[in-house]
Amino acid sequence: MAIARGIKDSISMAAIFIDRGAAQDRIYLLEIFFVYALLMSTGAFDYQLTGIDPDMVKPLEPLSTMGRLSSVFVYATTLIIYIGYRRKVHSIIRSSCLLYVFPLLALLSCFWAPDLGTTLRRVIALSFNFLTVAVMVAALPPIRIVRVSVLALGSGILLSVLWVVMLPRYGIHQATDWLEPKHAGLWRGIYTHKNSLGAIAPLALVLMIFFGRITIKSVLFRALVIISATACLAGASSGTGTILTFVMAIVIFLVRSLMRMEISTRAFFGGVILLGIVSVLVAAVPLTYLILQILGKSTDFTGRVPMWVSLIAWGEERALLGFGYSTGFELVMSPRILDLMGLNIGSAHNGYLETFISFGYVGVVLLCIVNISFLMKLLAGLMLTKKDGSITLPFIAGLFFVALFGNITESQFLTQNSYSNMSWALAYVMISVWVKSSPIAQSMTADPRLRSPYGVGPA
(Lines give C-alpha, C1' and ligand atoms only; values in the text may rest on other atoms or scores of the structure.)
Protein backbone atom coordinates (compact mmCIF):
# COMPACT_ATOMS: atom_id res chain seq x y z
CA MET A 1 0.00 0.00 0.00
CA ALA A 2 2.80 2.40 0.92
CA ILE A 3 4.59 1.65 -2.37
CA ALA A 4 1.35 2.15 -4.37
CA ARG A 5 0.69 5.42 -2.56
CA GLY A 6 4.25 6.56 -3.25
CA ILE A 7 3.89 5.75 -6.96
CA LYS A 8 0.58 7.60 -7.10
CA ASP A 9 2.11 10.66 -5.39
CA SER A 10 5.06 10.61 -7.78
CA ILE A 11 2.73 10.50 -10.80
CA SER A 12 0.70 13.41 -9.38
CA MET A 13 3.85 15.47 -8.81
CA ALA A 14 5.07 14.71 -12.34
CA ALA A 15 1.71 15.76 -13.75
CA ILE A 16 1.92 19.06 -11.84
CA PHE A 17 5.39 19.80 -13.21
CA ILE A 18 4.31 18.86 -16.75
CA ASP A 19 1.30 21.14 -16.39
CA ARG A 20 3.53 23.97 -15.16
CA GLY A 21 5.91 23.48 -18.07
CA ALA A 22 3.05 23.42 -20.58
CA ALA A 23 1.59 26.59 -19.08
CA GLN A 24 4.93 28.39 -19.34
CA ASP A 25 5.47 27.19 -22.92
CA ARG A 26 2.00 28.44 -23.85
CA ILE A 27 2.71 31.83 -22.30
CA TYR A 28 6.03 32.15 -24.14
CA LEU A 29 4.39 31.32 -27.48
CA LEU A 30 1.69 33.90 -26.81
CA GLU A 31 4.38 36.44 -25.92
CA ILE A 32 6.21 35.83 -29.19
CA PHE A 33 3.04 36.32 -31.22
CA PHE A 34 1.98 39.49 -29.41
CA VAL A 35 5.49 40.98 -29.68
CA TYR A 36 5.24 40.44 -33.44
CA ALA A 37 1.70 41.82 -33.59
CA LEU A 38 2.63 44.97 -31.64
CA LEU A 39 5.84 45.48 -33.61
CA MET A 40 3.96 45.31 -36.91
CA SER A 41 1.26 47.63 -35.55
CA THR A 42 3.90 50.35 -35.14
CA GLY A 43 4.16 50.56 -38.92
CA ALA A 44 7.44 48.68 -39.05
CA PHE A 45 8.76 47.68 -42.49
CA ASP A 46 5.90 49.40 -44.34
CA TYR A 47 8.12 50.19 -47.31
CA GLN A 48 9.15 46.56 -47.60
CA LEU A 49 5.75 44.99 -46.85
CA THR A 50 3.71 47.27 -49.08
CA GLY A 51 6.27 47.25 -51.86
CA ILE A 52 6.65 51.04 -51.97
CA ASP A 53 9.93 52.50 -53.16
CA PRO A 54 10.67 55.68 -51.13
CA ASP A 55 11.89 57.35 -54.34
CA MET A 56 8.67 56.77 -56.27
CA VAL A 57 5.00 56.13 -55.59
CA LYS A 58 4.87 52.68 -57.15
CA PRO A 59 4.06 49.23 -55.72
CA LEU A 60 6.78 46.69 -56.38
CA GLU A 61 5.12 43.28 -56.72
CA PRO A 62 5.35 40.66 -55.38
CA LEU A 63 6.61 42.36 -52.20
CA SER A 64 3.17 43.83 -51.47
CA THR A 65 1.94 40.25 -51.04
CA MET A 66 4.12 40.04 -47.93
CA GLY A 67 2.14 42.83 -46.31
CA ARG A 68 -1.14 41.07 -46.94
CA LEU A 69 0.24 37.78 -45.65
CA SER A 70 1.52 39.46 -42.49
CA SER A 71 -1.91 41.01 -41.82
CA VAL A 72 -3.70 37.73 -42.50
CA PHE A 73 -1.33 35.92 -40.14
CA VAL A 74 -2.00 38.39 -37.32
CA TYR A 75 -5.78 38.37 -37.91
CA ALA A 76 -6.03 34.57 -38.16
CA THR A 77 -3.86 33.95 -35.08
CA THR A 78 -5.84 36.52 -33.10
CA LEU A 79 -9.07 34.72 -34.01
CA ILE A 80 -7.62 31.35 -32.99
CA ILE A 81 -6.54 32.72 -29.60
CA TYR A 82 -9.91 34.45 -29.25
CA ILE A 83 -11.71 31.10 -29.67
CA GLY A 84 -9.69 29.67 -26.79
CA TYR A 85 -10.33 32.65 -24.50
CA ARG A 86 -13.71 33.81 -25.81
CA ARG A 87 -15.45 33.87 -22.42
CA LYS A 88 -12.73 36.06 -20.92
CA VAL A 89 -12.67 38.24 -24.03
CA HIS A 90 -16.45 38.79 -23.84
CA SER A 91 -16.17 39.71 -20.17
CA ILE A 92 -13.33 42.13 -20.95
CA ILE A 93 -15.30 43.80 -23.76
CA ARG A 94 -18.30 44.20 -21.44
CA SER A 95 -16.12 45.83 -18.79
CA SER A 96 -14.78 48.35 -21.33
CA CYS A 97 -17.88 48.59 -23.54
CA LEU A 98 -17.62 52.37 -24.05
CA LEU A 99 -14.38 51.91 -25.97
CA TYR A 100 -15.87 49.23 -28.21
CA VAL A 101 -18.61 51.59 -29.42
CA PHE A 102 -16.01 53.15 -31.72
CA PRO A 103 -15.70 50.19 -34.13
CA LEU A 104 -19.51 50.06 -34.30
CA LEU A 105 -19.67 53.80 -35.01
CA ALA A 106 -17.00 53.38 -37.69
CA LEU A 107 -19.06 50.57 -39.24
CA LEU A 108 -22.20 52.71 -39.26
CA SER A 109 -20.28 55.54 -40.92
CA CYS A 110 -19.87 53.34 -44.00
CA PHE A 111 -23.40 54.45 -44.92
CA TRP A 112 -22.35 58.10 -45.32
CA ALA A 113 -18.63 57.73 -46.09
CA PRO A 114 -17.53 58.68 -49.64
CA ASP A 115 -16.07 55.22 -50.39
CA LEU A 116 -17.99 52.30 -48.90
CA GLY A 117 -15.54 49.53 -49.85
CA THR A 118 -12.38 51.25 -48.61
CA THR A 119 -14.08 52.42 -45.43
CA LEU A 120 -15.31 48.89 -44.69
CA ARG A 121 -11.82 47.42 -45.13
CA ARG A 122 -10.39 49.98 -42.74
CA VAL A 123 -13.17 49.36 -40.23
CA ILE A 124 -12.27 45.66 -40.27
CA ALA A 125 -8.62 46.55 -39.61
CA LEU A 126 -9.63 48.89 -36.75
CA SER A 127 -11.89 46.19 -35.27
CA PHE A 128 -9.01 43.73 -35.27
CA ASN A 129 -6.89 46.32 -33.45
CA PHE A 130 -9.46 46.41 -30.65
CA LEU A 131 -9.98 42.63 -30.72
CA THR A 132 -6.24 42.00 -30.46
CA VAL A 133 -6.12 44.20 -27.37
CA ALA A 134 -8.96 42.30 -25.69
CA VAL A 135 -7.43 38.93 -26.61
CA MET A 136 -4.02 39.98 -25.26
CA VAL A 137 -5.51 41.10 -21.94
CA ALA A 138 -7.45 37.82 -21.74
CA ALA A 139 -4.48 35.60 -22.60
CA LEU A 140 -1.63 37.28 -20.70
CA PRO A 141 -1.22 38.42 -17.09
CA PRO A 142 -0.59 42.18 -16.69
CA ILE A 143 3.16 41.85 -16.05
CA ARG A 144 3.47 39.84 -19.25
CA ILE A 145 1.68 42.57 -21.18
CA VAL A 146 4.23 45.08 -19.86
CA ARG A 147 7.03 42.72 -20.93
CA VAL A 148 5.56 42.23 -24.42
CA SER A 149 5.24 46.01 -24.88
CA VAL A 150 8.83 46.62 -23.77
CA LEU A 151 10.15 43.87 -26.07
CA ALA A 152 8.14 45.02 -29.11
CA LEU A 153 9.07 48.69 -28.81
CA GLY A 154 12.67 47.92 -27.89
CA SER A 155 13.07 45.61 -30.88
CA GLY A 156 11.66 48.28 -33.19
CA ILE A 157 14.17 50.82 -31.92
CA LEU A 158 17.17 48.49 -32.27
CA LEU A 159 16.10 47.54 -35.79
CA SER A 160 15.67 51.23 -36.63
CA VAL A 161 19.28 51.96 -35.71
CA LEU A 162 20.34 48.96 -37.80
CA TRP A 163 18.32 50.34 -40.74
CA VAL A 164 19.98 53.75 -40.37
CA VAL A 165 23.45 52.21 -40.40
CA MET A 166 23.01 49.36 -42.89
CA LEU A 167 20.12 50.56 -45.10
CA PRO A 168 20.26 54.38 -45.03
CA ARG A 169 18.12 54.67 -48.20
CA TYR A 170 15.23 53.32 -46.14
CA GLY A 171 16.36 54.31 -42.64
CA ILE A 172 17.06 57.99 -43.37
CA HIS A 173 14.91 60.51 -45.23
CA GLN A 174 16.43 61.26 -48.63
CA ALA A 175 16.27 64.37 -50.82
CA THR A 176 14.87 62.11 -53.58
CA ASP A 177 11.91 60.89 -51.48
CA TRP A 178 8.49 61.37 -53.03
CA LEU A 179 7.06 62.10 -49.55
CA GLU A 180 8.29 65.29 -47.86
CA PRO A 181 11.90 65.43 -49.14
CA LYS A 182 12.33 68.48 -46.87
CA HIS A 183 13.13 66.02 -44.07
CA ALA A 184 16.26 64.76 -45.87
CA GLY A 185 18.89 63.62 -43.40
CA LEU A 186 16.48 62.90 -40.54
CA TRP A 187 16.05 59.37 -39.25
CA ARG A 188 12.96 57.26 -39.87
CA GLY A 189 14.39 53.81 -39.09
CA ILE A 190 12.13 50.90 -40.01
CA TYR A 191 9.20 53.30 -40.40
CA THR A 192 8.07 55.47 -43.30
CA HIS A 193 8.38 58.85 -41.60
CA LYS A 194 10.40 60.56 -38.90
CA ASN A 195 7.20 61.30 -36.97
CA SER A 196 6.57 57.57 -36.56
CA LEU A 197 10.06 57.02 -35.18
CA GLY A 198 9.64 60.11 -33.00
CA ALA A 199 6.42 58.66 -31.57
CA ILE A 200 7.83 55.19 -30.83
CA ALA A 201 11.21 56.25 -29.39
CA PRO A 202 9.77 58.01 -26.28
CA LEU A 203 7.65 54.97 -25.40
CA ALA A 204 10.57 52.58 -25.83
CA LEU A 205 12.93 54.80 -23.83
CA VAL A 206 10.64 55.51 -20.87
CA LEU A 207 9.18 51.98 -20.61
CA MET A 208 12.67 50.47 -20.68
CA ILE A 209 13.92 52.85 -17.99
CA PHE A 210 11.00 52.20 -15.63
CA PHE A 211 10.07 48.58 -16.42
CA GLY A 212 13.07 47.07 -18.20
CA ARG A 213 14.79 45.70 -15.11
CA ILE A 214 11.56 44.06 -13.94
CA THR A 215 10.69 42.41 -17.25
CA ILE A 216 13.95 41.89 -19.20
CA LYS A 217 16.86 39.86 -17.84
CA SER A 218 19.51 41.00 -20.32
CA VAL A 219 21.36 44.08 -19.11
CA LEU A 220 22.93 44.44 -22.56
CA PHE A 221 19.55 44.53 -24.31
CA ARG A 222 18.23 47.12 -21.86
CA ALA A 223 21.28 49.33 -22.29
CA LEU A 224 21.23 49.09 -26.08
CA VAL A 225 17.54 50.03 -26.22
CA ILE A 226 18.02 53.07 -23.96
CA ILE A 227 21.01 54.31 -25.96
CA SER A 228 19.31 53.59 -29.30
CA ALA A 229 16.02 55.24 -28.30
CA THR A 230 17.89 58.39 -27.24
CA ALA A 231 19.76 58.39 -30.56
CA CYS A 232 16.50 57.90 -32.48
CA LEU A 233 14.88 60.84 -30.70
CA ALA A 234 17.81 63.04 -31.69
CA GLY A 235 18.04 61.60 -35.21
CA ALA A 236 14.33 62.13 -35.89
CA SER A 237 14.54 65.68 -34.48
CA SER A 238 11.05 65.31 -33.06
CA GLY A 239 9.97 68.15 -30.78
CA THR A 240 6.74 66.32 -30.00
CA GLY A 241 8.70 63.16 -29.18
CA THR A 242 10.88 65.08 -26.73
CA ILE A 243 7.81 66.50 -24.99
CA LEU A 244 6.13 63.07 -24.84
CA THR A 245 9.25 61.57 -23.27
CA PHE A 246 9.00 63.95 -20.33
CA VAL A 247 5.19 63.63 -20.11
CA MET A 248 5.34 59.84 -19.89
CA ALA A 249 8.24 59.81 -17.43
CA ILE A 250 6.54 62.33 -15.13
CA VAL A 251 3.20 60.47 -15.20
CA ILE A 252 4.78 57.08 -14.43
CA PHE A 253 6.91 58.58 -11.65
CA LEU A 254 3.93 60.33 -10.06
CA VAL A 255 1.68 57.24 -10.18
CA ARG A 256 4.50 55.09 -8.78
CA SER A 257 4.91 57.57 -5.95
CA LEU A 258 1.16 57.47 -5.27
CA MET A 259 1.20 53.67 -5.09
CA ARG A 260 3.85 53.85 -2.34
CA MET A 261 1.52 55.94 -0.18
CA GLU A 262 -1.05 54.57 2.19
CA ILE A 263 -4.37 53.87 0.52
CA SER A 264 -6.13 56.41 2.73
CA THR A 265 -4.04 59.29 1.33
CA ARG A 266 -3.93 58.23 -2.33
CA ALA A 267 -7.38 59.48 -3.30
CA PHE A 268 -6.64 63.06 -2.24
CA PHE A 269 -3.16 63.33 -3.72
CA GLY A 270 -4.21 61.32 -6.78
CA GLY A 271 -7.10 63.69 -7.42
CA VAL A 272 -4.85 66.74 -7.08
CA ILE A 273 -2.26 65.26 -9.46
CA LEU A 274 -4.86 64.21 -12.02
CA LEU A 275 -6.44 67.67 -11.87
CA GLY A 276 -3.00 69.16 -12.50
CA ILE A 277 -2.32 66.85 -15.45
CA VAL A 278 -5.72 67.55 -17.01
CA SER A 279 -5.15 71.29 -16.56
CA VAL A 280 -1.84 70.96 -18.39
CA LEU A 281 -3.61 69.00 -21.13
CA VAL A 282 -6.22 71.73 -21.55
CA ALA A 283 -3.44 74.30 -21.84
CA ALA A 284 -1.28 71.97 -23.92
CA VAL A 285 -1.33 73.95 -27.17
CA PRO A 286 0.00 77.25 -25.72
CA LEU A 287 2.44 75.36 -23.48
CA THR A 288 3.69 73.32 -26.41
CA TYR A 289 4.03 76.56 -28.38
CA LEU A 290 6.36 77.93 -25.70
CA ILE A 291 8.37 74.70 -25.48
CA LEU A 292 8.77 74.51 -29.27
CA GLN A 293 9.87 78.14 -29.26
CA ILE A 294 12.53 77.30 -26.67
CA LEU A 295 13.63 74.25 -28.71
CA GLY A 296 13.79 76.36 -31.87
CA LYS A 297 11.05 74.34 -33.60
CA SER A 298 8.22 75.59 -35.80
CA THR A 299 5.72 77.36 -33.56
CA ASP A 300 2.80 76.85 -35.96
CA PHE A 301 3.25 73.09 -35.39
CA THR A 302 4.89 72.70 -38.82
CA GLY A 303 1.94 74.27 -40.63
CA ARG A 304 -0.69 72.38 -38.64
CA VAL A 305 -2.41 75.40 -37.05
CA PRO A 306 -3.60 77.03 -40.31
CA MET A 307 -4.75 73.61 -41.51
CA TRP A 308 -6.66 72.96 -38.27
CA VAL A 309 -8.52 76.27 -38.60
CA SER A 310 -9.67 75.35 -42.10
CA LEU A 311 -10.63 71.80 -41.08
CA ILE A 312 -12.80 73.03 -38.22
CA ALA A 313 -14.68 75.34 -40.59
CA TRP A 314 -15.16 72.58 -43.18
CA GLY A 315 -16.18 70.08 -40.50
CA GLU A 316 -19.18 72.23 -39.62
CA GLU A 317 -20.70 71.27 -42.98
CA ARG A 318 -21.59 67.86 -41.52
CA ALA A 319 -21.15 68.58 -37.84
CA LEU A 320 -23.44 65.91 -36.35
CA LEU A 321 -22.13 62.67 -37.86
CA GLY A 322 -19.06 63.77 -39.79
CA PHE A 323 -17.83 62.61 -43.19
CA GLY A 324 -17.21 58.93 -42.39
CA TYR A 325 -14.35 56.94 -40.90
CA SER A 326 -10.93 57.49 -42.51
CA THR A 327 -12.04 58.01 -46.12
CA GLY A 328 -14.03 61.08 -45.10
CA PHE A 329 -10.77 62.90 -44.49
CA GLU A 330 -8.83 61.24 -47.29
CA LEU A 331 -11.34 61.85 -50.09
CA VAL A 332 -13.07 65.04 -48.91
CA MET A 333 -10.68 67.05 -46.74
CA SER A 334 -7.32 66.08 -48.19
CA PRO A 335 -8.08 67.44 -51.71
CA ARG A 336 -9.28 70.70 -50.18
CA ILE A 337 -6.05 71.08 -48.20
CA LEU A 338 -4.05 70.34 -51.34
CA ASP A 339 -5.91 73.07 -53.23
CA LEU A 340 -5.70 75.60 -50.38
CA MET A 341 -2.20 75.00 -48.99
CA GLY A 342 -0.46 72.82 -51.56
CA LEU A 343 0.01 70.06 -48.96
CA ASN A 344 -0.65 66.39 -49.63
CA ILE A 345 -1.87 65.37 -46.16
CA GLY A 346 -3.41 62.03 -45.25
CA SER A 347 -4.65 62.94 -41.77
CA ALA A 348 -5.62 65.93 -39.65
CA HIS A 349 -2.46 65.59 -37.52
CA ASN A 350 -4.75 65.90 -34.50
CA GLY A 351 -6.66 62.94 -33.09
CA TYR A 352 -9.45 65.03 -31.59
CA LEU A 353 -10.04 66.91 -34.85
CA GLU A 354 -9.77 63.70 -36.87
CA THR A 355 -12.54 62.22 -34.72
CA PHE A 356 -14.69 65.29 -35.42
CA ILE A 357 -14.12 64.99 -39.18
CA SER A 358 -14.94 61.26 -39.12
CA PHE A 359 -17.88 61.15 -36.70
CA GLY A 360 -18.89 64.74 -35.99
CA TYR A 361 -20.02 65.86 -32.56
CA VAL A 362 -21.28 62.34 -31.83
CA GLY A 363 -17.72 61.01 -32.07
CA VAL A 364 -16.22 63.88 -30.09
CA VAL A 365 -18.72 63.39 -27.25
CA LEU A 366 -18.00 59.65 -27.19
CA LEU A 367 -14.25 60.31 -27.14
CA CYS A 368 -14.64 62.70 -24.21
CA ILE A 369 -16.78 60.17 -22.32
CA VAL A 370 -14.18 57.40 -22.85
CA ASN A 371 -11.29 59.60 -21.69
CA ILE A 372 -13.17 60.94 -18.66
CA SER A 373 -14.22 57.38 -17.84
CA PHE A 374 -10.56 56.38 -17.85
CA LEU A 375 -9.65 59.15 -15.39
CA MET A 376 -12.41 58.01 -13.03
CA LYS A 377 -11.25 54.40 -13.30
CA LEU A 378 -7.67 55.47 -12.69
CA LEU A 379 -8.72 57.12 -9.43
CA ALA A 380 -10.49 53.89 -8.48
CA GLY A 381 -7.37 51.95 -9.46
CA LEU A 382 -5.35 53.93 -6.95
CA MET A 383 -7.26 52.03 -4.26
CA LEU A 384 -5.61 48.75 -5.34
CA THR A 385 -3.02 47.28 -3.01
CA LYS A 386 0.63 48.15 -3.63
CA LYS A 387 1.35 44.57 -4.69
CA ASP A 388 -1.38 44.58 -7.32
CA GLY A 389 -0.88 48.03 -8.79
CA SER A 390 2.75 49.09 -8.28
CA ILE A 391 3.75 48.03 -11.82
CA THR A 392 0.51 47.76 -13.73
CA LEU A 393 -1.04 51.12 -12.84
CA PRO A 394 1.99 53.32 -13.73
CA PHE A 395 2.27 51.45 -17.05
CA ILE A 396 -1.41 52.00 -17.84
CA ALA A 397 -1.32 55.67 -16.86
CA GLY A 398 1.83 56.31 -18.89
CA LEU A 399 0.35 54.83 -22.06
CA PHE A 400 -2.93 56.69 -21.71
CA PHE A 401 -1.58 60.15 -20.99
CA VAL A 402 0.93 59.85 -23.83
CA ALA A 403 -2.08 59.15 -26.07
CA LEU A 404 -3.94 62.20 -24.75
CA PHE A 405 -0.96 64.49 -25.37
CA GLY A 406 0.28 62.76 -28.53
CA ASN A 407 -3.06 63.23 -30.26
CA ILE A 408 -2.62 66.99 -30.10
CA THR A 409 -0.18 66.87 -33.02
CA GLU A 410 -0.89 63.46 -34.58
CA SER A 411 -4.05 61.49 -35.44
CA GLN A 412 -3.66 58.36 -33.32
CA PHE A 413 -6.86 57.55 -31.44
CA LEU A 414 -8.57 55.60 -34.23
CA THR A 415 -5.87 54.93 -36.81
CA GLN A 416 -6.17 51.34 -38.03
CA ASN A 417 -3.10 49.07 -37.90
CA SER A 418 -1.53 51.48 -35.44
CA TYR A 419 0.32 50.88 -32.17
CA SER A 420 -0.75 54.32 -30.97
CA ASN A 421 -4.38 53.26 -31.28
CA MET A 422 -3.67 49.89 -29.65
CA SER A 423 -1.75 51.38 -26.71
CA TRP A 424 -4.60 53.82 -25.99
CA ALA A 425 -7.12 50.97 -26.16
CA LEU A 426 -4.84 48.67 -24.14
CA ALA A 427 -4.59 51.19 -21.32
CA TYR A 428 -8.37 51.62 -21.20
CA VAL A 429 -9.09 47.89 -21.30
CA MET A 430 -6.50 47.06 -18.63
CA ILE A 431 -7.75 49.71 -16.21
CA SER A 432 -11.36 48.63 -16.82
CA VAL A 433 -10.52 45.02 -15.97
CA TRP A 434 -8.42 45.91 -12.95
CA VAL A 435 -10.97 48.12 -11.24
CA LYS A 436 -13.82 45.74 -11.88
CA SER A 437 -14.39 43.29 -9.04
CA SER A 438 -15.06 40.18 -11.11
CA PRO A 439 -13.72 36.65 -11.58
CA ILE A 440 -11.87 37.72 -14.73
CA ALA A 441 -9.97 40.42 -12.84
CA GLN A 442 -9.07 38.02 -10.04
CA SER A 443 -8.00 35.22 -12.37
CA MET A 444 -5.39 37.44 -14.02
CA THR A 445 -3.18 37.10 -10.94
CA ALA A 446 -4.51 33.83 -9.55
CA ASP A 447 -1.68 31.62 -10.86
CA PRO A 448 1.63 32.71 -9.26
CA ARG A 449 3.59 30.85 -11.97
CA LEU A 450 2.32 33.28 -14.59
CA ARG A 451 2.50 36.55 -12.68
CA SER A 452 6.19 37.18 -13.30
CA PRO A 453 8.07 36.92 -16.59
CA TYR A 454 10.47 34.57 -14.85
CA GLY A 455 7.85 32.43 -13.14
CA VAL A 456 8.17 33.87 -9.62
CA GLY A 457 7.35 37.06 -7.77
CA PRO A 458 4.40 39.44 -7.67
CA ALA A 459 2.97 41.37 -10.58
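Modeller: One term to begin with: helices (H or I, at least four residues) and strands (E, at least two) are DSSP runs, numbered from the N terminus. This is a predicted model, where local features need pLDDT of at least 70, side-chain atom pairs count only at pLDDT 80 or more, and totals for chains, interfaces and linings use all residues. Residues are numbered from 1 along each chain as its sequence is written, and side-chain values use heavy atoms, with hydrogens and water left out.

Colleague: Which helix gives the most to the lining of the second largest cavity?

Modeller: That is α12, with four residues. A cavity is a set of points, on a 1 Å grid over the protein atoms alone, where a 1.4 Å probe fits but cannot get out; lining residues have an atom within 4 Å of a point. Both α11 (239-259) and α12 (263-282) supply at least two lining residues there.

Colleague: What volume does that second largest cavity have?

Modeller: About 50 Å³. Volume here is the space filled by probe spheres set on the points, with grid points joined across faces, edges and corners. Its lining includes Val-251, Gly-270, Leu-378 and Phe-401.

Colleague: How many polar residues in that lining?

Modeller: One polar, against nine nonpolar and no charged. Ala, Val, Leu, Ile, Met, Phe, Trp, Tyr, Cys and Pro count as nonpolar, Asp, Glu, Lys and Arg as charged, and the others, Gly among them, as polar.

Colleague: And the largest cavity, how much space lies in it?

Modeller: About 80 Å³. Gln-412, Ser-420 and Ser-423 are among its lining residues. The lining splits into six nonpolar, three polar and no charged. Helix α18 gives the most, with three residues.

Colleague: Switching topic. Which residues have the most contacts inside the largest nonpolar core?

Modeller: Phe-34, Phe-395 and Trp-424, in a core of 114 residues. Helix α6 (residues 116-139) gives the most to this core, with 13 residues. Such a core is a set of buried Ala, Val, Leu, Ile, Met, Phe, Trp, Tyr and Cys residues joined through side-chain atoms within 4.5 Å. Buried means under 20% relative accessible area, exposed over 50%, partly exposed in between (1.4 Å probe, protein chains only).

Colleague: What is Phe-395 in contact with?

Modeller: Leaving aside neighbours within four places in sequence, its partners include Ile-145, Leu-207, Phe-211 and Met-430. Contact means heavy atoms within 4.5 Å.

Colleague: Last one: is Ile-93 buried or partly exposed?

Modeller: Ile-93 is partly exposed, at 25% relative accessible area. Helix α4 (residues 86-95) holds Ile-93.

Methods
On a 1 Å grid over the protein atoms alone, a cavity is a set of points where a 1.4 Å probe fits but cannot get out, and a pocket is an open set with protein on both sides within 12 Å along at least five of seven lines; lining residues have an atom within 4 Å of a point.
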